[in-house]
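Dear colleague,

I am handing over the structure below for your records. Please open the sequence and the model side by side while you read the notes that follow.

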Amino acid sequence: MKCVIGGAHLRVFGRAIHAIARISDEFWFDPLEKGLALRSVNSSRSAYAYVFFSSMFFQHYCWTALPQPRQKEKQLSPPCKVIIKSVLPVFRCVNVLERNVEKCSIYTNINDHHITFQLLCKHGVVKTYNLTFQECDPLQAVFAKHMCPNVLKVHSRLLADIVIHFPTSQEEVTLSVTPMKVCFKSYTEEDTDFSKTMLTEVQLNPDEFDYFQVGVDSEVTFCLKELRGLLAFSEATSVPVSIHFDISGKPVAFSIEDLVLEASFILATLSDIEKETTSQQPPSFTPWQESLETHTEKAGNASMDKDSSTQANASKKPQRNGKTPSAEPAKPASPLVKQERKVIPGATEGDTTGVEGTTTAHAALAGESHYEKFHSLFFGAVSCKEDAVSHTFHSLATASDSEEDFGNVPSSPVV
Amino acid sequence: MPLSAQPPGSAEPYLLTASLDNARHLSSLLRAVHFQDHATCFATVNGLRVTVEDAKCVQANAFIQAEIFQEFAVQEQTVTFRINLSVLLDCLTIFGTSSLPGTSTALRMCYRGYGYPLMLFLEEGGVVTVCKINTQEPEDLLDFDFCSTKVVNKIILQSEGLRKAFAELDMTSEVMQITMSPDKPYFRLSTFGNAGSAHLDYSKDSDLIEAFHCNQTQTNRYKISLLKPSTKALALSCKVSIRTDAQGFLSLQYMIRNEDGQICFVEYYCCPDENITEEM
């Protein structure tokens, strides 16, 4: 694969790399026929980033199919896994990139296991970086954006203006929506000492959004740090950001799309399950199995998808039945959810009545299991067994990587 | 504010006396060579030279010529002593390192001779500090013997062109490879780190290059840890000259303009790690 990125787009590309860097230390560099895909997933599998640059983004894009007789699937140019720290220096100062660099060429040499970034800079200076990569299995998350009942679309500037009010130390943020209003607020855990905490809340009117659809009242809590990268990236592209989400526990997708690129950052959200008594298994798996199962069943058309979800079901069922009946993850929708989230500042730690309404669990346990659930698997991992995890993971990914499906998976544009 | 000369009634004259209105003219240059604790000072009628060495492989010299000083007097041909450079710098910057415009630390330096400490009188805003730093036996230093007749390749660059490159050097690489050639790639800096290799090529037509005199293709490697300290000198300088001789010894000369616009020089010499001369 060989491509050339011209001056103005360099900044966008550099911002994309930096945004992905907030997710993980390594990313998948996946040249495809129609363009270049960059993907990343964090170690706890609670955040996934996907950026796709179509061939039109580049001054020049050339992708040659290499014969790969040993592979059954039509994966012609295997994706490469690159350590992001090695790529970051290449795009270090994104803001000055445009000024100093005229263009950037990227070549991949599969045989040599090298990616070469060559920057043609001012003053006749040429910077060449030859980075090694590892060949790896494809990575793809399956997330049906079009199935989400709640969709918001807003210019990245507005989101950036909201996010700037949260201190950089604020890890998690809650987005709460009703048909009447939208609220971003800082998320605090049960045992937070409110006298030493600053809580931020920003309320917005539905008409501030370019597109506003709230099918179900919900509150989703996700990691802010991972979002900031996407916001910086989308500001460089000046494309509005679409937010697709459902009830708490289900992933939230932040995406941007224009003629030459599209990007999705899919983040896990905190699940409101505090009824979980003990964990016979890591509580983290529970809510995700539910949400993922739903999505895989509905999302893919390919037979492989069905197989994987069947597998998922099969391996999950025993566990699900094994749990105490009260630990029913899927909360009945809106009213309950809304109630639970009223965190009253100044409430004493032991006071759980104002907070998280219906509880049988102790506050401490709730807090702890909350936290664990947040950092949960969100792809194909559906059982405690390591083997099942990787196996399902592969099958999900492989399915989505076939040519026809590729077009389907990045979801259809919103409105 | 000039301080009084030799203390009245002293029997022996000081071997070295020097006065400087702005101690920063000295301290900033010394910082550019401060990669080891100890330094050897040589004072001649021409001025002061401070030398720092490491591992018998790299040597840095800071030259502060006599004209920079308001007063500079030596009673012998060469006055030499070894001193703790970290302590000397701490004393010179005793009033703080931030440079507020209009305020400067005045310095008077006196050295009585072998076995005596170096005396520093520093004054700022009416406050006077007296420092006595013990001196040591001067050590034998390397003589890189780099004279212009032995130079094979020479390039003079504007420092701004190299600054970013040096700041971004891949420190996971053990060596920095320098290629100088009359043919492409003309001037190339390369590192070989954990992630892969990085090359920085300067075309000989680049407007950053002020002079390009390469007669032979040479590729030499130098330990990056030895060269990294030169970044400080590079940061202060406006121009740098890069020279290599037949054995691959490297000479980096930095032209530094101080606050008053006067020119001083800092030099780094480095032995090659391996000697590879390739035909490119």
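In chain A, strand E7 (residues 101-109) and strand E8 (residues 114-121) run antiparallel and are joined by eight bridges. Please note that the model is a predicted one.

Which strand of chain B does E9(A) join? The partner is strand E14 (residues 196-202) of chain B, which runs antiparallel to E9(A) and is linked to E9(A) by seven bridges. A pair to look for is A:Val125, which stands opposite B:Tyr202 in E14(B).

I turn now to the interface as a whole. The contact draws 13 residues from chain A and 15 residues from chain B. Together the two chains bury about 1200 Å², and 46% of this area lies on carbon and sulfur atoms. How many salt bridges are counted between chain A and chain B? The count is zero. Polar contacts, on the other hand, are found across the interface: six residue pairs, with both residues at pLDDT 80 or more. On the side of chain A that touches chain B, strand E9 (residues 125-132) gives the most, with eight residues. The residues on that side of chain A comprise five nonpolar, six polar and two charged.

Finally, one helix of chain B deserves a look. Is helix H2 (residues 85-92) of chain B mostly covered or mostly open? Helix H2(B) is mostly covered, with six of its eight residues buried. The buried residues are B:Leu85, B:Ser86, B:Leu88, B:Leu89, B:Cys91 and B:Leu92. One of these, B:Ser86, also takes part in an arrangement at the start of the helix. There, a side-chain oxygen of B:Asn84 comes to within 3.0 Å of the backbone nitrogen of B:Ser86.

Yours sincerely

Notes: Residues are numbered from 1 along each chain as its sequence is written. Chains are lettered from A and ligands numbered from 1 in the order in which they are written. This is a predicted model: local features need pLDDT of at least 70, side-chain atom pairs count only at pLDDT 80 or more; totals for chains, interfaces and linings use all residues. Side-chain values use heavy atoms; hydrogens and water are left out. Contact means heavy atoms within 4.5 Å. Buried area is the accessible area (1.4 Å probe) that two parts lose on being put together, summed over both. A salt bridge is a side-chain nitrogen of Lys or Arg within 4 Å of a carboxyl oxygen of Asp or Glu. A polar contact is a pair of N or O atoms within 3.5 Å; within protein, one must be able to donate a hydrogen and the other to accept it, and residues adjacent in sequence count only if both atoms are side-chain atoms. Helices (H or I, at least four residues) and strands (E, at least two) are DSSP runs, numbered from the N terminus. Ala, Val, Leu, Ile, Met, Phe, Trp, Tyr, Cys and Pro count as nonpolar, Asp, Glu, Lys and Arg as charged, and the others, Gly among them, as polar. Two strands pair if DSSP finds at least two bridges between them. Buried means under 20% relative accessible area, exposed over 50%, partly exposed in between (1.4 Å probe, protein chains only).
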